[in-house]
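Please read them with the structure open.

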Amino acid sequence: MIRYANQIFRISVRQLVEFVLSSGDLDNRRGTRREQAMLEGTRIHKKIQQEMGSDYRPEVAMKLDIPVHVFNGEEPDYVIALEGRADGLMECGDGKLLVDEIKGMYVDVDKLKEPIEVHEAQAKCYGYIQTLEDKRDVCIQLTYVDMDTEKVRRFKNIYSHEELSVWFEGVLEEYKKWTTFYFLHRGARNKTAMQLEFPYPYREGQKDLVAAAYRTLKQEKTLFIQASTGIGKTLSTLFPAIRVMGEERAEKVFYLTAKTITRSVAKEAVGILSDSGLAVSSMEITAKEKLCFMDEMDCNPESCPYAKGHMDRVNAAVYELITTKEKISREDILEVARRHEVCPFEMSLDVSYWVDVVICDYNYVFDPNVRLQRFFSEGAKSDAIFLVDEAHNLVERAREMISATVKKEDFLSVKKTVGDVYRPMATRLESCNREMLKLKRRCDGFTVFTEADISPLTASLERLYEEYARFAERFPHFYNKEFSALFFAVRDYILVAEDLSCYKIYGQFLGDGSFIVKLLNVDPSRHLEKCIDMGRGSVFFSATLLPINYYKRLLGGKTDDYAIYAKSPFDVRRRLIIVGSDISTKYTRRTEDEFRKAAAYIREIVGARRGNYIVFCPSYAYMDRVFNAFNDEKFRILKQSSAMSEADREEFLDNFSEEGEESLVGLCVMGGIFSEGIDLRGERLIGVIILGTGLPQIGDERDLLRSYFEESNLDGFAYAYMYPGINKVLQAAGRLIRTDEDRGVIALLDERFLRGELRRLFPREWETFTEVTVGDVRECVSQFWNNNLD
């Protein structure tokens, strides 16, 4: 490969023509075509190639290096490296070269009137490259195959080399507009990244954290960071990632998080580095439903004017945005998308290809059905760095991403919808329903199945999936939400069923009497490890990544990956940790006396000083029992409800003001929306009271996790219950001390916190705590406040 100024843009022939010549509509009704066509495509290709005879050369690899001058110097400034593989080449008797492009499709090929432009464009690129030396004429042949009937339809067009050359230069010039923009931007980015200094004086332990992240990313390894709130984890990971990118060891940073507030912090951090002189572009990927212009999200040209002709206009919209904005906001995306009449969400995904820092949810990297295929196609390694914020959330999120569920009743419901439209589909749906019925009859509420037990169901679902593709091609304008939802459920099931080595399988009756079969992922580490390996280095960080070896094990860490514990920068004298030794939230202890004792603890702690407090309860039911135990209190009480909107959430938090004339107690559920991601600084919150150890409710799925890890010679109870529980406790406690100026009380009200197995899970900053009872807790808290009030 020729390298000039170390700038090489690699692109496949297919990617080039699909990018430059893209046209048409967005259409969610035709989502099945590519998935199934890919499954059959290889077989069809081989069959056609074998039928073409011995003079036919199949799978001919080609490369072309195209030097590009930007500054008119003698040496090229960068190179476009074009690569591809022609399906077949053959010498014609009249001296022409035949270039064959084979496309297997679930469509009646007799209905095709001419070759599809991007298909012919691929073959024209191959013809141009192959005749660069001899300049002869080329016969471009498009071979279309109906993958149902294997019927073949061919189109042929003759082009002179001169015609191909003029056409190819036009395609190339359009693409060079984009690569030259990126080349110039990349140069400025890397230059300023190498000159960048950390924007603030380092806090205690922060420089070590930055150095560890830099060394890890430079070595293309993974680092796990346990660092309490306040040390500056976002800047401490983003800054070294930018430096590594400036050294040309990576091309992009994905900042991944599940919380809106942490995305805002990431955007602020990018802004701080930009204000320090860094020329970097960034954007946040916002969920489709939050960007959609329509009242109902229905992505097809008949329902949405922004879907109609989207592909014709989207490149112009993207180019305008990336060349006029560096910090691309949600408002920028909406404004440009509306003006160009394109889908804002799909446009934002295209924009992500050209920016340096992409801030988004975990699923855009880790979910096999959602992740950005332009970066993370199967088996391909990207030039991206992954920064995973609030990484403790990823274990459960990853399990959800790679589990799959099918419901018996859905097959019958969809059969009623399509049965009269397409009988073969109804037959396949009925077959799946029969297999589900067999499993249902074996289920006693909740039953664990083996892979052999569900094998007949899996086979039926695979046949249904094939029929979906045929149906979609024959009825391209048919759309039904139930139909679409079942398709995706079947697709997920089939993908998961390919390898069930980290899964438990069960059948269950739901509360409404419906029956499901679920492929439950119990250990997401293998999947996450594969995802991590797609990048150039990763940093997982959280204020509650304890025990760190548990998270390192389940988040796909390798034995030679690194872990670091960053010391809290806050003065431990500004907070009091107390443990109640005479109270428990165990189910066997949930009596009226115990609820009254919990209320008494809250009353005594709040009575020591007027202010705002949050009480975290193990469940809504427990919270209601504690609330009912109060009687004519001298403080105001708020309760979290089970279905709070964003506005309800904001209204709840607005009550926590610094100027309150009376004490406020907010009753919340541990692990809920107020357990993390809220930031009540100073006098807005002076106490966090935690009732219980956070253990998840005992249930069938949790017990399956427990049994799996016990079978793996690990502590099953700890992995399924204790570790997730203590994480909820640490998250809740972390709401209190957010800055150097904060002070307050953390009350752990459950005698089990005094046991060794839980105390060993405390962060180092909790080594010193005070054991209390309901009789002496007010005195203890009052003494703390007497020592901390100015």
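1. Helix α14 passes α15 in a left-handed crossing (left-handed if the near helix is turned anticlockwise from the far one by less than a right angle, right-handed if clockwise). On the α14 side the contact is made by Lys408, Glu409, Phe411, Leu412, Val414, Lys415 and Val418. On the α15 side it is made by Met425, Ala426, Leu429, Glu430, Cys432, Asn433, Met436, Leu437 and Lys440. Contact means heavy atoms within 4.5 Å. By class, these residues divide into ten nonpolar, one polar and five charged. Ala, Val, Leu, Ile, Met, Phe, Trp, Tyr, Cys and Pro count as nonpolar, Asp, Glu, Lys and Arg as charged, and the others, Gly among them, as polar.

2. This is a predicted model, in which local features need pLDDT of at least 70 and side-chain atom pairs count only at pLDDT 80 or more, while totals for chains, interfaces and linings use all residues. Residues are numbered from 1 along each chain as its sequence is written, and side-chain values use heavy atoms, with hydrogens and water left out. Helices (H or I, at least four residues) and strands (E, at least two) are DSSP runs, numbered from the N terminus.

3. α14 (residues 408-418) and α15 (residues 423-442) pack at an angle of about 160 degrees, and their axes are 9 Å apart. Axes are lines fitted to C-alpha atoms, for helices over the stretch in contact, and angles run from 0 to 180 degrees between N-to-C directions. The two helices are therefore roughly antiparallel. Angles under 35 degrees count as roughly parallel, over 145 as roughly antiparallel, 65 to 115 as roughly perpendicular and the rest as oblique.

4. α14 also meets helix α17 (residues 481-497): the axes come within 9 Å and cross at roughly 135 degrees. That makes α14 oblique to α17. This crossing is left-handed. Asp410, Phe411, Ser413, Val414, Thr417 and Val418 of α14 meet Glu482, Phe483, Leu486 and Val490 of α17. The contact has six nonpolar, two polar and two charged residues.

5. How do α20 and α21 lie to each other? They are roughly perpendicular, with an angle of about 70 degrees and axes 8 Å apart. The contact includes Phe595 and Ile602 of α20 and Tyr622 and Val626 of α21. Its residues divide into seven nonpolar, no polar and four charged.

6. The second largest pocket has a volume of about 700 Å³. On a 1 Å grid over the protein atoms alone, a pocket is an open set of points with protein on both sides within 12 Å along at least five of seven lines, a cavity is a set where a 1.4 Å probe fits but cannot get out, and lining residues have an atom within 4 Å of a point. Grid points are joined across faces, edges and corners, and a volume is the space filled by probe spheres set on the points. Of the 27 lining residues, Glu396, Glu400, Arg702, Pro724 and Lys728 lie nearest the pocket's centre.

7. The largest cavity holds about 380 Å³. Its lining has 21 residues, with Ser228, Ser568, Gly734, Glu765 and Trp766 nearest the centre. α24 gives the most to this lining, with three residues.

8. Two backbone details deserve a look. A cis peptide bond joins Leu546 and Pro547, with omega about -5 degrees. Glu59 has a positive phi of about 50 degrees although it is not a glycine, and its place is in strand β2 (residues 57-68).
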